[in-house]
Amino acid sequence: MELQMLKLPTFAGNLFSLMSHHVRQWKTQNQFNFDTKLLGHRHLWKYSSLQRKNLIKNKRGFICSYTAEKELNLQLSDARVIYGVAPALGHNQESHPESHLRVPAIVSALEKMELTPEFRGSEIIELKNFSPASVDDIASVHARAYVSGLEKAMDRASQQGIILIEGSGPTYATATTFQESLAAAGAGIALVDSVVAASKNRPDPPLGFALIRPPGHHAIPKGPMGFCVFGNVAIAARYAQRAHGLKRVFIIDFDVHHGNGTNDAFYDDPDIFFLSTHQDGSYPGTGKIDEVGRGDGEGSTLNLPLPGGSGDTAMRTVFHEVIVPCAQRFKPDLILVSAGYDAHVLDPLASLQFTTGTYYMLAANIKQLAKDLCGGRCVFFLEGGYNLNSLSYSVADSFRAFLGEPSKASEFDNPAILYEEPSAKVKQAIERVKHIHSL
């Protein structure tokens, strides 16, 4: 679909220059610095001189700052949104849809629309001083042989510039892929820590959002797949169970493609409920409606393939008739979200008809669901979304939903490009999944 079909928002003309600024800024300021001093398996991130005087080890074994931690706890008392950024600027292949411009586009849009700490003070917090995930964190989901093999492959990537990972579909690696993938998973873990900490002191903790790449929901336990290297959401779920005693985790995946990696990681686990909505017949061809888990985990996986052309009306119905009753019955301690923005009508890799307004609705309703069921504990993880305009504007509108502010989707969405949804097929799919899962 051609970009001239959308109603351009006021920020669109400056978006590319802002993205370029952020790319240069991250590179020069070492947002993730590969030359910093290694401390065990961790990196020491940049701190102020005052923070360096107060460095301690916390229970995860990584270096943190008591001063920074104390200040963060004070900020969390007022925060409504907390986000972390891991843009993986070195993990990039020219002309690949999963490019290094994705996260900078989002951050630039947030700044342009005044949805950052600079404009909102303590209402919105950017979590900066987080540690990369450890190998043990990754190995809670992935085979150690895969993790060590990927780390060793970095030497070959350094020599060749870029390599394709065999057997993983269109997944590539560069010399920085391993460390940047640890950073992405680490951002999610740190956000879980922050949201859980805030929930102990207030009934309405901030929503977390990991603006990270590479994405993760296709990465299977034995290896990478479909642009994904490590299963960021799955790793965070295991971490929440292990570190915080949050036994029951409810994962919602609204990416246009089935999250087969997350599906496989928990297919026989009754304590993690995985619910995926995705376009029927899309990559990777998994996520059939009768795939419901096995053994002790039977019934704790719900897959709902939606027919091509499904849009806002379909997803609103799915949320109220499928997602809500599933979550209510499961009674989660934490909700994690694989937030893929590639079901947008303008996205080039699929053919659903979500709009920016659809994503606002999902963010607002999931926020309320978390408040009703698990003390507001909820973290979103960026997955897909390959049209930079629809991606950045939809994430920004998700932030507005978290803040309880009105949507500005009408400034971007163009109803004239939508066509009639296949309502009969959607209804049939919903009724079938409700029957299978006794909803």
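Okay, let's start with a word I'll be using a lot: a residue counts as buried when its relative accessible area is under 20%. And keep in mind that what you're looking at is a predicted model.

With that cut-off in hand, let's go to strand E11, residues 272-279. How many of the eight residues of E11 are buried? Eight of the eight, so this strand is largely enclosed by the rest of the structure.

You can see that on either side of the strand. In a regular strand, the side chains alternate between the two faces of the sheet. On one side of E11 we have Ile272, Phe274, Ser276 and His278, on the other Phe273, Leu275, Thr277 and Gln279, and all of them are buried. Both faces are covered, in other words.

Now, who are the neighbours? One is strand E10, residues 249-253, which pairs with E11 in the parallel sense over five bridges. If you want a spot to look at, valine 249 stands opposite isoleucine 272 in E11. Getting from E10 to E11, we have helix H10, residues 260-265, and those three elements make a right-handed β-α-β unit.

Another neighbour is strand E12, residues 301-306: it runs parallel to E11, and six bridges join the two. Here, leucine 275 stands opposite leucine 302 in E12.

Let's move over to strand E9, residues 207-212, where we find leucine 207. Is leucine 207 buried or exposed? Its relative accessible area is 3%, so it's buried. Leucine 207 also has isoleucine 124 to look at: the two are 83 residues apart in sequence, and their C-alpha atoms are 9.8 Å apart in space.

Next up, a pair of helices. The axes of H4, residues 102-112, and H13, residues 388-403, come within 9 Å and cross at roughly 50°. That angle makes H4 oblique to H13. As for handedness, the crossing of H4 and H13 is right-handed.

Last topic, the cysteines. A disulfide is a covalent bond between the sulfur atoms of two cysteines.

Note on methods:
Residues are numbered from 1 along each chain as its sequence is written. This is a predicted model: local features need pLDDT of at least 70, side-chain atom pairs count only at pLDDT 80 or more; totals for chains, interfaces and linings use all residues. Side-chain values use heavy atoms; hydrogens and water are left out. Buried means under 20% relative accessible area, exposed over 50%, partly exposed in between (1.4 Å probe, protein chains only). Helices (H or I, at least four residues) and strands (E, at least two) are DSSP runs, numbered from the N terminus. Two strands pair if DSSP finds at least two bridges between them. A crossover is right-handed if, with the strands pointing away from the viewer, the path from the first strand over the helix to the second runs clockwise. Axes are lines fitted to C-alpha atoms, for helices over the stretch in contact, and angles run from 0 to 180 degrees between N-to-C directions. Angles under 35 degrees count as roughly parallel, over 145 as roughly antiparallel, 65 to 115 as roughly perpendicular and the rest as oblique. A crossing is left-handed if the near helix is turned anticlockwise from the far one by less than a right angle, and right-handed if clockwise.
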